[in-house]
Amino acid sequence: MEYAKTGNTCLDTIMHGGIPRGSSIVLEGAPGTGKTTLAMQFLYYGATEYDEPGIYITFEELPDQIYQDMERFGWDLKALERKNLLRVICMSPKLFIEQLTKAGGLIEQVISELGCRRIAIDSVSLLRFEAEDGASYRKIFYTLRSALRKFQMTSLLLQESITSRHDDIPLENYVSDGVIRLSLNSHMESYRKRTLEVLKMRGTPIMEGEHRYKITDRGIHVVPSLSLIEDREAATDECVGTGIQKLDQLLFGGIRKGTSFLLDTNSKANYKYVIASILTEHLRAGYKIIAYSSGLSTFYDLMNIYSTLNIDLAKKIRQQRFYFVEHFGRAYPEEFQSGVIDVSDVDPSSYNRIVEEKLAPVMGPSLARGENWIVYYDLNTMFSQQGVDFVSRYYSGEMAKSRASGLTVLALCNFAEISSDVASYLERSSGGVIRTWVDGSYQYLQLTKSPHGVVSEPLIVVSVPQAPFIQLL
Ligand SMILES: Nc1ncnc2c1ncn2[C@@H]1O[C@H](COP(=O)(O)OP(=O)(O)OP(=O)(O)O)[C@@H](O)[C@H]1O
Ligand SMILES: [Mg+2]
């Protein structure tokens, strides 16, 4: 299935990818709920980000009014029209249907001239007035839908909500491929809340329920339900994907800056690619990394894993973007030298100081410049080298520091090998917990805790030949 992205990451998430290409979707809502805004956002991002020019048909408002209204969101529609990425056309419903269905009519001309892939019609409610009765309206609506299909347009058909009895589903809603409803409800007596609900979307699963949205100075911003951070909208931009598609969907895009995730696994499970994929995506997003090395992968193993993910580890180390804390005093490639902090024969009392001495001068100025860091701890290794008591104390101190400076944390641990007290402490202090284990001849992965409250079923881990080399089913 190919999706047309709406320009609204969270809305795409709710529909598991976007609007299936070529489908006709009813966008309904009462006056002022933001139909025009959402429809224009869809066309604007289609044109500017996804190379899909669009047409906006308005039956009521003059283009000048629309240009002016949309300018408030920073969308310069006239500039898009000059670049042939958009046409805003004001015409009567009657003329529109005529021109849409006529071979070589105006609409067909615009579509072929610009190569349009998207259209919004504001609003189909007005088509009703063109019709003499229900039967002829039905005919007009079917005509509209088949013309849009013929032109393979992904379309938004705006519609005023009709407050009707529950059993009275409007014709548009069952003839269309999908329905998105915008509502404005009262909330805690003196407030109003805006909610968006995807009632139907053929060809794609949807996240059911009402999701809050806000009209901001950048357009409509949808916040999926269950989100605990509804009001920290800016934070959604600071999410880094894990590189594993299904996991990103469950996490609404990935790992938010400053959160800590625990990966609970045993040595039988192949977790190396999960970690490598998460760290690689962070590197790509400009993060710097500190990795507490693991006894199970040598530096040479790591170099291989990262090179299959197109990351030149030696180069990242030279650029001061990758540091290792090494517990085993093992050999490493010479180019790694500036990035390896050897703590192999350091006793617990000076461990902290040694790591600090090396990292503080690098991290302090970097954080002050607004750069982002992720710290990866192999707690299994640290437990075996430094002892559970020390690590528990050390780690809780580290977590407090991380929270204070907005570091993202990823920690590997094997719950089966530590006491349940420590395990439950680790679980409580983490924003997210991912488990992966082998059972019989399958490896599973499950999200058991996440900042949005989403918990998944056990997913099967499948090896695939291309990066990130694993896929979840
Ligand atoms: N920056 C902003 N912050 C908050 N609200 C805003 C902002 N800009 C516009 N709005 C609100 O958005 C609403 C306009 O949305 P829009 O015109 O898209 O709604 P509509 O559903 O198309 O309405 P109608 O049915 O009247 O055409 C107005 O209520 C307006 O007050
Ligand atoms: Mg409108």
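Author: The part to look at is where two helices meet: K272, Y273, I275, A276, L279 and T280 in α11 touch I305, Y306 and T308 in α12. Contact here means heavy atoms within 4.5 Å, and helices are DSSP runs of H or I with at least four residues, while strands are runs of E with at least two, both numbered from the N terminus. By class, this contact has six nonpolar, two polar and one charged residues. Ala, Val, Leu, Ile, Met, Phe, Trp, Tyr, Cys and Pro count as nonpolar, Asp, Glu, Lys and Arg as charged, and the others, Gly among them, as polar.

Helix α11 spans residues 272-284 and helix α12 spans residues 299-308; their axes come within 10 Å and cross at roughly 60°. Axes are lines fitted to C-alpha atoms, for helices over the stretch in contact, with angles from 0 to 180 degrees between N-to-C directions. The crossing of α11 and α12 is right-handed, that is, the near helix is turned clockwise from the far one by less than a right angle.

The model is predicted: local features need pLDDT of at least 70 and side-chain atom pairs pLDDT 80 or more, whereas totals for chains, interfaces and linings use all residues. Residues are numbered from 1 along each chain as its sequence is written, chains are lettered from A and ligands numbered from 1 in the order written, and side-chain values use heavy atoms, without hydrogens and water.

Elsewhere, ligand 1 has 14 residues around it, of which G32, G34, K35, T36 and T37 come nearest; a residue belongs here if one of its heavy atoms lies within 4 Å. By class, this shell has four nonpolar, six polar and four charged residues. Both α2 (35-49) and β10 (211-216) supply at least two residues of the shell, and α2 gives the most, with three. A backbone N or O atom of G32 is 2.8 Å from an oxygen atom of ligand 1, and a backbone N or O atom of I215 is 3.1 Å from a nitrogen atom of ligand 1.

The backbone has some exceptions too. Most residues other than glycine have a negative phi, and most peptide bonds are trans. F252 has a positive phi, near 55°, and lies in the loop between α10 (245-250) and β13 (255-256). A cis peptide bond joins D122 and S123, with omega about 0°; S123 is in the loop between β6 (118-122) and α7 (127-130).

Key. Polar contact = N/O pair within 3.5 Å; in protein donor to acceptor, adjacent residues only side chain to side chain.
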